[in-house]
Amino acid sequence: MSGALQSRPVRKLSDRVRLQGRILFLAEDAALVRQQLAGRDLEWPPGGGAGVKLRDDISTDEITPAYICYYYDDTLGDFPYLGLKCGSEFPISRGAVRGGGFVASVSGKRRGKGSSREQSPYAEMCAGIKLVIAENIERIYRENCQNLGILTTTDFSIIDRVRRGEEIPLSTFTAGEGDITRGIIEYGGLFNYNLARLQGKVAPPLPAASPRPMTLGEKILARHWVVDPATGQVGVPAVRPGDEGFVVTDIRFSHEYVTPMAAIFFEQLVGPEEKVNDPGSVLLFRDHLTFLAEAMTPERVKEGLLDVANQLEQKQREFAAKQGIKLYGELRLGHHGSEAICHSKILEAHALPGQVIIGSDSHTPHAGAVGCVAFGVGTTAIFNSWITKDVRLTVPETVKVVVRGRKPESVTAKDFMLEILRHPYIKSGRAIGKLVEYCGEAVAALSVDERATMTNMTAEVGGFTGYVAPDEKTVAYLMAYRKLSRAEATRLCAGLASDPDAEYCEVIEIDAAQLKPMIALPGDPGNGLHIGELTDRVKVEIAYAGSCTAGKKEDMDMYARVLKEAVERGERVAPWVRFYIQCGSQEVKRYCEEMGYLDVFRQVGATFLEPSCGACINAGPGVSRTKEEVTISAINRNFPGRSGPGQLYLANPYTVAASAISGYITEWQPGMALATASP
Ligand code: SF4
């Protein structure tokens with residue numbers, strides 16, 4: 001830590017807070033919301049006749065719709081609740097909340113559900129909101145509020161106290177919290193808490209656990225546990241679920257959606273000329289929006305949003321140059337594309353067994369395919385890790401997923417995951433926030449690329465992270481991708497296994513031999529069915545083969561296998577289908593060139609695209625344009641609107657390629673004819 005931070009004064013907030021300003025009730029009735037914006041204060045409780053029914057389920061998408069997240073500084077304060085839907089109306093317009101003098105915002109159940117985007121509470125904070133009151137508040141949104149210094153409560157009696165101008169004890173907002181969370185609230189946010197921690201003013205208690213059998217995930221966390229940030233002492237004998245603390249990271253990465261906001265925080269709070277701690281272990285990526293110009297509607301372009309989005313790239317590039325951080329950037333070849341999607345490159349070139357990796361993205365567990373603990377975090381956590389190199393967490397319980405037996409040839413890791421996602425334990429959300437350990441003969445038989453499809457989709461499971469214990473396949477992967485000697489690779493993997501008597505909160509068993517190629521119906525990756533269970537023949541207009549999950553070398557092998565057979569039979573992509581194949585990195589593209597796949601793709605009439613998230617994030621070729629359009633895709637999630645307004649089915653890479661040729665969702669079997677049926 002720099003000397004300036006070491007000596008910077010930092011103190012707790014006062015024991016009592018006074019919140020001065022108006023209270024905004026996010027009501028179901030659009031007229032009531034408009035009246036408040038025009039200056040009327042609503043009566044509360046509403047028994048006196050106001051009849052206020054609060055909105056439930058306000059998602060972060062409603063607080064800051066995705067296109068608003070192209071802004072990354074305090075301009076966001078113009079936009080909170082722009083997507084708030086009251087009946088069929090959107091009563092909040094740009095600048096209305098900021099101009100209304102509000103200090104608190106009140107809503108009903110499940111405030112802040114959905115995406116983990118920190119732009120939402122930051123937009124509220126920049127508009128003047130210092131207190132969020134709701135019947136209950138989603139975990140990540142609440143943590144993001146705490147990290148930023150926004151108070152939260154489910155106690156509605158606070159409303160009167162704010163209105164009376166009372167001083168409220170800070171303990172009202174910390175009751176029931178663990179040591180670290182309480183400290184973060186008392187210091188007014190994660191940054192100040194970390195300053196106090198690094199200056200030795202606070203010391204989170206160490207895990208009390210004496211040596212115990214542990215899962216691999218627990219072992220990795222114990223090895224990385226921060227004991228003394230001042231001396232850099234790391235590692236405790238054991239941790240157990242529920243332990244709260246900080247772990248040191250080996251790699252920290254972020255992409256252009258998050259880096260600019262984190263950079264603003266860093267420059268404002270740490271200092272414009274200060275340096276990131278150990279920039280060699282920080283990586284930045286320009287991957288999400290490199291094809292945005294080809295997907296944004298003319299209306300949004302006219303509103304200037306493309307220019308705003310392009311500033312994300314510029315800000316990230318400038319920050320990387322100034323800090324000496326490696327940036328996997330945008331191609332400068334006169335056409336769109338990236339050097340790599342973040343998860344693809346982290347696995348191909350950086351992750352090592354036993355590491356702790358954090359990334360600004362929910363699919364960060366991708367790297368768990370080589371046996372590390374990799375998980376997604378918010379903007380404030382990334383920015384703080386640039387100072388401290390560590391990250392706060394609570395040790396999760398571990399779920400063991402055993403895929404035993406031998407899978408049929410046409411079944412892939414994607415089918416394993418679609419099967420796991422429809423399991424009642426997963427579907428009911430009980431794996432949320434857990435470590436997920438994938439094992440069993442069928443997992444052992446998978447390549448590292450295929451294992452990454454499983455760990456990547458731990459995000460859809462809702463898990464904290466997913467991993468596969470390293471083995472001989474991992475050793476071979478490290479030798480091939482990192483040019484390590486066998487001895488070095490073996491040494492890195494040594495000892496990285498769960499203890500035989502480790503504790504699991506749940507064990508899920510799947511028999512791979514019983515699996516068939518799956519499809520997830522539009523709306524949710526948990527909507528899995530065997531393709532044969534589809535009652536109607538489903539005609540497809542778009543086939544999209546790409547993304548971090550499905551743009552690896554082995555995915556390309558699968559697309560090419562189906563398409564080579566099609567070429568040999570003289571078959572081509574069905575005339576009504578647009579088929580896009582997008583690789584995850586330049587390394588995968590080179591592999592496709594060497595293997596002759598690009599010729600095969602051309603011969604069948606598929607369009608090959610440079611790496612980028614593209615259609616996976618509704619920002620590139622392959623997005624749907626109407627509600628009726630049907631897409632078959634090997635990406636990881638098919639939530640409504642994910643890749644345009646159409647109907648998005650998920651399937652394995654064989655199915656995607658076969659369906660592109662036949663024009664209908666088609667379960668592929670080796671050697672089968674895919675003769676195009678008449679529309
Ligand atoms: S390809 Fe899709 S899932 Fe992967 S990082 Fe990009 S947007 Fe996320």
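## Close-up views of a predicted model

View 1. At a relative accessibility of 33%, D57 counts as partly exposed (buried means under 20% relative accessible area, exposed over 50%, and partly exposed in between, with a 1.4 Å probe and protein chains only). D57 sits in the loop between helix 2 (30–37) and helix 3 (60–63); helices are DSSP runs of H or I with at least four residues, strands are runs of E with at least two, and both are numbered from the N terminus. D57 is not a glycine, yet has a positive phi of about 55°. Most residues other than glycine have a negative phi.

This is a predicted model, in which local features need pLDDT of at least 70 and side-chain atom pairs count only at pLDDT 80 or more, while totals for chains, interfaces and linings use all residues. Residues are numbered from 1 along each chain as its sequence is written, and side-chain values use heavy atoms, with hydrogens and water left out.

**View 2. N618 and its loop.** N618 is found in the loop between strand 24 (607–609) and strand 25 (630–633). Its phi is positive, about 60°, although N618 is not a glycine. N618 is partly exposed, at 33% relative accessibility.

**View 3. The residues around the ligand.** The shell consists of H288, H343, D361, H363, S547, C548, C613, C616, I617, N636 and R642; a residue belongs here if one of its heavy atoms lies within 4 Å of the molecule. By class, 4 are nonpolar, 5 polar and 2 charged. Ala, Val, Leu, Ile, Met, Phe, Trp, Tyr, Cys and Pro count as nonpolar, Asp, Glu, Lys and Arg as charged, and the others, Gly among them, as polar.

**View 4. Helix 14.** In helix 14 (residues 342–350), 7 of the 9 residues are buried, so this helix is largely enclosed by the rest of the structure. The buried residues are C342, H343, S344, K345, I346, L347 and E348.

**View 5. Helix 16 against helix 19.** Helix 16 (residues 413–421) and helix 19 (residues 448–456) pack at an angle of about 20°, with axes 8 Å apart; axes are lines fitted to C-alpha atoms over the stretch in contact, and angles run from 0 to 180 degrees between N-to-C directions. The two helices are therefore roughly parallel (angles under 35 degrees). On the helix 16 side, the contact (heavy atoms within 4.5 Å) is made by A413, K414, F416, M417 and I420, and on the helix 19 side by E450, T453 and M454.

Terms used
Parallel < 35°, antiparallel > 145°, perpendicular 65-115°, else oblique.
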